[in-house]
Amino acid sequence: MIPYQRHDAKLGVLLVVSILSIFTIGSAHGGRLPSSFNPRSQPFAPGAEDDIRDAYEDVRNDGTETTWAVFNYPDEGKEIAFKESGDDYSEFLALLHDDMRAYAYVRVETGDDLSRRAKFAFITWIGRSVRPLKKAKVSTDKAFVKQIITQFGKEILADEKDELRYERVKTVLEKASGANYGTGA
């Protein structure tokens, strides 16, 4: 299957699961949603929005070595918090597990010797062992995260680390940015 078709299929499944979860919540409460259900409530842990914004700006800053930041649901909770950031891409990949839901912002250097450019990807990681209702929550919470993480060349949805290999992400970002001129050498 073409990677983009696989991505679209994953998004479709998440949308269906999101809709089904709303009906499940309603049917468990006599056809009404519980008063505690508020789809507009912010999914962030206290203080997390500022931490996420700071990490995002750090990755974007040309004057720092930081190339990635990860935000997840600590202790498999309901709220998103800043997890970690760094400059070694292999450390970023090591953080992702099959039972984890996370968002990441990564910086990739593209171009050639004459023209180096920073490109950015917004990554949604949903491990293969994550339960369907938690997968559905990721799809709704992502909109809130994207209110903070606003500048990126490509959005990537992944459930396998192979999809996030550095060279693969770099290729996706180069294709998304259009022209890729080289020196011809």
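A nonpolar core is a set of buried Ala, Val, Leu, Ile, Met, Phe, Trp, Tyr and Cys residues joined through side-chain atoms within 4.5 Å; the close-up views below apply this term to a predicted model.

**View A. The largest nonpolar core and the elements that supply it.** The largest nonpolar core holds 24 residues, among which F44, I52, F71, I80, Y103 and I149 touch the most other members. At least two residues of this core come from each of helix 2 (48-60), strand 1 (68-72), strand 3 (101-111), strand 4 (116-126) and helix 4 (132-145), and helix 2 gives the largest share, 5 residues.

**View B. Surroundings of I52.** When residues up to four places away in sequence are not counted, I52 touches F44, F71, I80, F82, I148 and I149.

**View D. The tilted pair of W68 and F92.** Among the 9 aromatic pairs found in a search of the whole structure is that of W68 and F92, which is tilted, with 5.8 Å centre to centre and 40° between the planes. Because W68 lies in strand 1 and F92 in helix 3 (residues 89-95), the pair ties together parts that are 24 residues apart in sequence. Both W68 and F92 are buried, and together with Y89 and Y166 they form one aromatic cluster.

**View E. Arginine side chains over aromatic rings.** The charged end of R60 sits over the ring of F120, at 4.6 Å from the centre of that ring, while R101 lies over the face of Y73, 3.7 Å from the ring centre.

Conventions. Residues numbered from 1 in each chain as written. Predicted model: local features only at pLDDT ≥ 70, side-chain atom pairs only at ≥ 80, totals over all residues. Heavy atoms only, no water. Buried < 20%, exposed > 50% of the residue type's maximum accessible area, 1.4 Å probe, protein only. Helix = DSSP H or I, 4+ residues; strand = E, 2+ residues; numbered from the N terminus. Contact = heavy atoms within 4.5 Å. Phe/Tyr/Trp six-rings, centres within 6.5 Å; stacked < 30°, edge-to-face > 60°. Lys NZ or Arg CZ within 6 Å of the ring centre and 35° of its normal.
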